[in-house]
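Hi,

Here is the structure I said I'd pass on to you.

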Amino acid sequence: MTRPASIANGTYPLIVAVDPDDSVNETDTSNSSVSGSIRIGVLPDLEPFGLSAPCSAAQGARVIFRWTVRNSGSGAASGSTNSIRLVAPGINRELGTHSNPTLDSGQSTHQHSASVTIPTGIANGTYTLIVDVDPDDSVNETDTSNSSV
């Protein structure tokens, strides 16, 4: 099978069907296909790790977060954005964004440091900090399930 030039690199569903036009009269057609996925081309895989943040902070305080983004894929990753979010039941607030440069394939990394302000008017309590790499999916990756820390 030859990939048409119009199909971009990426991960696609793949379905193999036997007798898709139902030209053979069968007793059971529920077992006439199998599906999976296929990756075409070389793609990056952006992963954040090593998030460092203060254990506590007051409302309105400026705090510094540090983390690293790694490209563990086999293709280069063009520049993308990281989103820093504060999350708890009933709240999911973006505190800031930070840009990634182009990251070469094969364990290329970039360290980040961002100063953000803790929002005022939120309840005291325990919150989760999340860094999402490429939250808008501008970079076609092999795996997007590992893009948050």
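Before anything else, a definition: a salt bridge is a side-chain nitrogen of Lys or Arg within 4 Å of a carboxyl oxygen of Asp or Glu. Also keep in mind that this is a predicted model.

So, how many salt bridges does the structure hold? There are two.

Let's start with Asp-132 and Arg-85, whose side chains meet in a salt bridge at 2.7 Å, N to O. Asp-132 sits in strand E8 (residues 128-133) and Arg-85 in strand E5, so this pair ties together parts that are 47 residues apart in sequence. Are these two buried or exposed? Both Asp-132 and Arg-85 are buried.

The other pair is Glu-47 with Arg-70, where the side chains meet at 3.2 Å, again N to O. Distant parts of the chain are linked here too: Glu-47 belongs to strand E3 (residues 46-52) and Arg-70 to strand E4 (residues 62-71), 23 residues apart. Glu-47 counts as buried because its relative accessibility is 16%, and the cut-off for buried is under 20%. Arg-70, with a relative accessible area of 23%, is partly exposed.

Back to E5 for a moment. Which way do strand E5 (residues 80-88) and strand E6 (residues 91-100) pair? They pair in the antiparallel sense, over nine bridges. If you want to find your way along them, look for Val-87, which stands opposite Asn-92 in E6. The hairpin of E5 and E6 has two residues between the strands, and Gly-90 in that hairpin takes a positive phi near 85°.

Now for the surface, where I have two patches to show you.

One is nonpolar: Leu-14, Val-16, Val-34 and Ile-38 form it, with about 310 Å² of accessible area together. E1 and E2 are the elements that give two or more residues to this patch. Val-34, for instance, is found in strand E2. Val-34 has 54% relative accessibility, so it counts as exposed; the cut-off for that is over 50%.

The other patch carries negative charge, and Asp-21, Asp-22, Glu-26 and Asp-28 gather there. Where is Asp-22 placed? Look in the loop between strand E1 (10-17) and strand E2 (33-40). Asp-22 counts as exposed because its relative accessibility is 54%.

Cheers

How values were computed. Residues numbered from 1 in each chain as written. Predicted model: local features only at pLDDT ≥ 70, side-chain atom pairs only at ≥ 80, totals over all residues. Heavy atoms only, no water. Patch = residues over 30% accessible without salt bridge, like charges linked within 9 Å, V, L, I, M, F, W, Y side chains within 5 Å. Areas by Shrake-Rupley, 256 points an atom, 1.4 Å probe, with all protein chains shown as cover. Lys, Arg positive; Asp, Glu negative; His and termini not counted. Charge placed at Lys NZ, Arg CZ, Asp CG, Glu CD. Helix = DSSP H or I, 4+ residues; strand = E, 2+ residues; numbered from the N terminus. Buried < 20%, exposed > 50% of the residue type's maximum accessible area, 1.4 Å probe, protein only. Pairing = 2+ DSSP bridges.
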